[in-house]
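I begin with the sheets.

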Amino acid sequence: MKDILDLHTHTIVSGHAYNSLYEMVRSAADKGLTLYGCSDHTPAMPGGPDAMYFVNFKVIPREIYGVKVLMGAELNLLKPDGSVDLKEKMLEKLDYAIASLHLPCTKPGTMEENTSAYLHVMENPWVQIIGHPDDGRYPVDYKALVAAAKKHHKLLEVNNSSLRPNAARLNARENYRTMLELCKEYEVSIIINSDAHVEADVANHRYAHELLEEISFPEDLVVNTSLEKLLPYIPRVKEVL
């Protein structure tokens with residue numbers, strides 16, 4: 001499988017990442033990516049940027065070092081009602097948005113509460129990707145999650161960082177096996193992302209690829225192989241084509 005994109009990455013703006021936007025894109029170019037997506041953390045994350053950071057993305061070139069560039073954000077899911085930490089007028093300015101549960105921002109709830117947060121945020125038209133729905137500290141009803149992703153036409157992420165041997169998220173591998181088998185059954189597409197916080201990790205999808213190979217996950221359900229497959233989920237892709 002030729003993987004040409006990485007949409008979950010963080011620059012120094014996120015507060016706990018270590019490279020500039022241009023350094024991250026240079027790394028993407030060096031690794032042969034066609035499309036790079038920046039998804040810095042939003043304001044509820046300690047050390048994250050003010051909301052104003054997300055309003056002026058129009059000044060950033062759509063192509064840098066020969067790589068197509070999308071500017072998004074990783075939103076913090078705050079409550080079971082699916083609320084996030086950027087207002088709609090800010091979300092409208094993003095190329096795409098990832099919605100995730102993070103310990104510094106949201107205490108783990110019950111399975112019902114965590115699942116409710118995901119299901120409600122999938123109703124938000126400005127959110128396209130559910131970020132790392134793999135952490136055992138946030139138990140989830142995966143059948144409900146996958147069914148909702150199909151209903152609302154959202155991408156579920158397989159996060160390479162979660163699968164590292166030293167990852168803080170609990171039972172990610174087992175949880176992904178459950179989720180991915182359901183994705184096969186329901187024919188729900190996924191996106192592989194690095195969650196890079198340093199340029200060396202841009203396009204590092206090693207552990208995600210290994211897992212997909214282990215379970216014979218169908219390539220046609222992985223949007224990383226072409227911009228045309230990604231476009232129905234993230235319409236702003238056509239602005240860089």
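I count two strands as paired if DSSP finds at least two bridges between them. The model I examined is predicted.

**Entry 1: the five-stranded sheet.** I looked up the strand order and found S5-S6-S7-S8-S9 in an open sheet of five strands with parallel pairing. Strand S5 (73–76) and strand S9 (190–193) are the edge strands, each pairing on one side only. Four bridges hold S5 and S6 together in the parallel sense, and Leu75 has Ala99 in S6 as its bridge partner. Ala99 also stands opposite Ile130 in S7; S6 and strand S7 (residues 129–130) are parallel and share two bridges.

**Entry 2: the four-stranded sheet.** I recorded a further open sheet, of four strands, in the order S1-S2-S4-S3 and with mixed pairing. Strand S1 (residues 5–6) runs parallel to S2 and is joined to S2 by two bridges; here Asp6 stands opposite Tyr36. S3 and strand S4 (residues 67–71) run antiparallel, again with two bridges, and Ile64 stands opposite Val67. In strand S2 (residues 35–38), Leu35 and Gly37 point one way while Tyr36 and Cys38 point the other way, and all are buried.

**Entry 3: positive phi angles.** Most residues other than glycine have a negative phi. Glu187, not a glycine, has a positive phi of about 60 degrees and sits in the loop between helix H5 (172–186) and S9. Asp195 likewise has a positive phi, near 60 degrees, in the loop between S9 and helix H6 (206–214). I checked the accessibility of both residues: Glu187 is exposed at 58% relative accessible area, whereas Asp195 is buried at 5%.

**Entry 4: salt bridges.** How many salt bridges does the structure hold? I noted 13. In one of them, the side chains of Asp135 and Arg137 meet at 2.7 Å, N to O. Asp135 is buried at 7% relative accessibility, and Arg137 is partly exposed at 28%.

I then turned to Glu214, whose side chain meets that of Arg173 in a salt bridge of 2.4 Å, N to O. Arg173 lies in helix H5 and Glu214 in helix H6, so this pair ties together parts 41 residues apart in sequence. Glu214 forms a salt bridge with Arg177 as well, the closest N and O atoms being 2.7 Å apart. That pair links helix H6 to Arg177 in helix H5, 37 residues apart. Salt bridges with shared partners also join Arg62, Asp95, Arg236 and Glu239 into one network.

**Entry 5: a positive patch.** Finally, I asked which residues form a positive surface patch. They are Lys58, Lys87, Lys89 and Lys93. I located Lys93 in the loop between helix H2 (88–91) and strand S6 (97–100). Lys93 counts as partly exposed because its relative accessibility is 42%.

How values were computed. Residues are numbered from 1 along each chain as its sequence is written. This is a predicted model: local features need pLDDT of at least 70, side-chain atom pairs count only at pLDDT 80 or more; totals for chains, interfaces and linings use all residues. Side-chain values use heavy atoms; hydrogens and water are left out. Patches are made of residues with over 30% relative accessible area and no salt bridge: like charges are joined within 9 Å, nonpolar side chains (Val, Leu, Ile, Met, Phe, Trp, Tyr) within 5 Å. Accessible areas come from the Shrake-Rupley method with a 1.4 Å probe; for residues, only the protein chains shown count as cover. A salt bridge is a side-chain nitrogen of Lys or Arg within 4 Å of a carboxyl oxygen of Asp or Glu. Lys and Arg count as positive and Asp and Glu as negative; His and the chain ends are not counted. The place of a charge is taken as NZ of Lys, CZ of Arg, CG of Asp or CD of Glu. Buried means under 20% relative accessible area, exposed over 50%, partly exposed in between (1.4 Å probe, protein chains only).
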